[in-house]
Amino acid sequence: GNLVLPDGITFIGDGAFKDCYKFTGDLILPDSITTLGGTTTKDGCFYYCKGLNGTLKLPNGITSVPAFTFYNCNFTGQLEIPSSVTTIDDRAFYSCDFTGVLEIPEGATNIGNYVFSFNNITTVIIPNSVTDVGNNCFYSCNKLSKLYIGNSITTLGDACFYAGKNIPTKLYTTNEVVKNYDWAGDNRTILPINTFTFALPQ
């Protein structure tokens with residue numbers, strides 16, 4: 001069944017549910033949580049809870065998602081990240097199998113390395129507030145075919161959108177760094193669209 005944490009909890013410590021792979025279904029986190037523990041390899045508070053297989057809505061009060069927080073949790077639904085989040089650290093959602101649309105909230109500025117690698121998302125929306133996207137951030141997201149990327153990007157890391165096979169991809173952006181990225185090197189064929197006018201989808 002679902003793993004439901006009670007309202008009133010404000011902090012989940014490093015490795016709190018590490019390797020609890022027999023939990024299944026949705027993970028329900030109350031909005032009272034302001035801090036998720038985990039700063040180093042294998043210290044993520046839900047590290048390798050691979051039985052979790054539903055959707056995930058993060059608490060509205062958190063400002064960051066530490067490294068390895070949900071590493072190798074096999075969520076199959078969508079991920080909802082609140083507007084309070086400004087930083088997402090390395091491998092936070094590595095191999096989580098999220099599906100559908102992933103929207104990074106306006107206000108986020110940095111997305112780390114390998115953060116969303118090996119997920120099944122189809123669309124990514126990166127807002128104007130984001131300046132840096134790390135190496136291999138969306139590595140092997142082989143169902144990803146539509147990208148909206150804001151105008152403040154200064155760095156796209158190596159193999160940021162690398163796909164295991166050639167993926168025809170629609171790219172919506174006005175940013176020159178993004179347009180000049182080595183998309184072919186990431187096995188992505190950028191499809192022609194009518195305009196590079198950037199607007200976040202409503």
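A: Let's start with Lys 179, which counts as partly exposed because its relative accessibility is 28%; buried means under 20% relative accessible area, exposed means over 50%, and partly exposed lies in between (1.4 Å probe, protein chains only). Before we go on, please keep in mind that this is a predicted model, where local features need pLDDT of at least 70 and side-chain atom pairs count only at pLDDT 80 or more, while totals for chains, interfaces and linings use all residues. Residues are numbered from 1 along each chain as its sequence is written, and side-chain values use heavy atoms, leaving out hydrogens and water.

Now for the partner of Lys 179. Glu 176 forms a salt bridge with Lys 179, and their closest N and O atoms are 3.1 Å apart. A salt bridge here is a side-chain nitrogen of Lys or Arg within 4 Å of a carboxyl oxygen of Asp or Glu. A search of the whole structure finds 1 salt bridge. Both residues lie in helix 1 (residues 176-179), 3 residues apart, about one turn of the helix. Helices (H or I, at least four residues) and strands (E, at least two) are DSSP runs, numbered from the N terminus. Glu 176 is partly exposed as well, because its relative accessible area is 46%.

Next, let's visit two loops. Thr 10 sits in the loop between strand 1 (3-4) and strand 2 (11-12), and it is partly exposed because its relative accessible area is 43%. Not counting residues up to four places away in sequence, Thr 10 touches Ser 32, Ile 33, Thr 34 and Thr 35; contact means heavy atoms within 4.5 Å. Ser 95, found in the loop between strand 8 and strand 9 (99-103), is buried because its relative accessible area is 18%. Leaving aside neighbours within four places in sequence, the contacts of Ser 95 include Asn 72, Cys 73 and Phe 118.

An open sheet of 5 strands runs in the order 6-8-10-12-14, with parallel pairing. Strand 6 (64-65) and strand 14 (155-156) are its edge strands, each pairing on one side only. Two strands pair if DSSP finds at least two bridges between them. Strand 6 and strand 8 (residues 87-88) pair in the parallel sense over 2 bridges, and the bridge partner of Val 65 in strand 8 is Ile 88.
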